[in-house]
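Visitor: I am new to this structure. Please show it to me, and then let me ask about the terms used for it.

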Amino acid sequence: MELLEGIHNDPSLEGLPGFEWRHLWHRSQQWRGRNIWQETPGWNLRAATLSPDGSQAAVSGSIREIRIFYGMPQFNGHTRLKGHTEHVNSLAYSPDGKILASASKDQTVRLWDMTMKPPRSAGVLNGHAGSVYEARFSTDGGRLISCSS
């Protein structure tokens, strides 16, 4: 939260990265006084992202699952996504919010169908020879890029 406070008006953050920071800062103002980690004691946060419409938060920590918090910012429940065999390094929603990608130390990127309640696996992308650090969708949602060690 402090990081967002310090940079939300930074003029050097132009373009998409600046937009993302300002969007997160505005969303964070709605969450003041709330702590999603009350639901996740003992976690070391590794990845967090908001759905494009801001209604869901996906978070992952030092354990091998992802938690989806619904009804943001009121926290109207959560669900767990399991499938990775190592911790998750990165989370990214598709631009339409229908797919969540999770990149893991287990050398995979998993895709999750967020239109299902609860969300279900939509596929596993193999092929990396090391820990997958990042996965991101293109702005049109038609492509996914990932990187590993």
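Predicted model: local features only at pLDDT ≥ 70, side-chain atom pairs only at ≥ 80, totals over all residues.

Visitor: Why is His-84 called buried?

Guide: Buried means under 20% relative accessible area. His-84 has 7% relative accessibility, so His-84 counts as buried. His-84 is found in the loop between β4 (78-82) and β5.

Visitor: What makes the pairing of His-84 and Ser-102 a polar contact?

Guide: The cut-off for a pair of N or O atoms is within 3.5 Å. The side chains of His-84 and Ser-102 are joined at 2.7 Å, and those of His-84 and Thr-108 at 3.4 Å. Both values fall within 3.5 Å, so both are polar contacts. Leaving aside residues up to four places away in sequence, His-84 also touches others, including Arg-64, Ile-66 and Asp-106.

Visitor: How do you know whether Arg-67 is buried or exposed?

Guide: Exposed would need over 50%, and buried means under 20%. Arg-67 has a relative accessible area of 6%, so Arg-67 is buried. Arg-67 lies in strand β3, and a polar contact of 2.8 Å joins its side chain to that of Glu-65.

Visitor: Which residues form the largest nonpolar core?

Guide: That core has 12 residues, among them Ile-66, Ile-68, Tyr-93, Leu-100 and Met-114. Two or more of its residues come from each of β3 (65-70) and β5 (88-93). Apart from this core lies another, of 8 residues, including Ala-101 and Val-132.

Visitor: What does Met-114 touch?

Guide: Not counting residues up to four places away in sequence, Met-114 touches Gln-56, Ile-68, Tyr-93, Gly-97, Lys-98, Ile-99, Leu-100 and Pro-119.

Conventions:
Residues numbered from 1 in each chain as written. Heavy atoms only, no water. Core = buried A, V, L, I, M, F, W, Y, C linked by side-chain atoms within 4.5 Å. Buried < 20%, exposed > 50% of the residue type's maximum accessible area, 1.4 Å probe, protein only. Helix = DSSP H or I, 4+ residues; strand = E, 2+ residues; numbered from the N terminus. Contact = heavy atoms within 4.5 Å. Polar contact = N/O pair within 3.5 Å; in protein donor to acceptor, adjacent residues only side chain to side chain.
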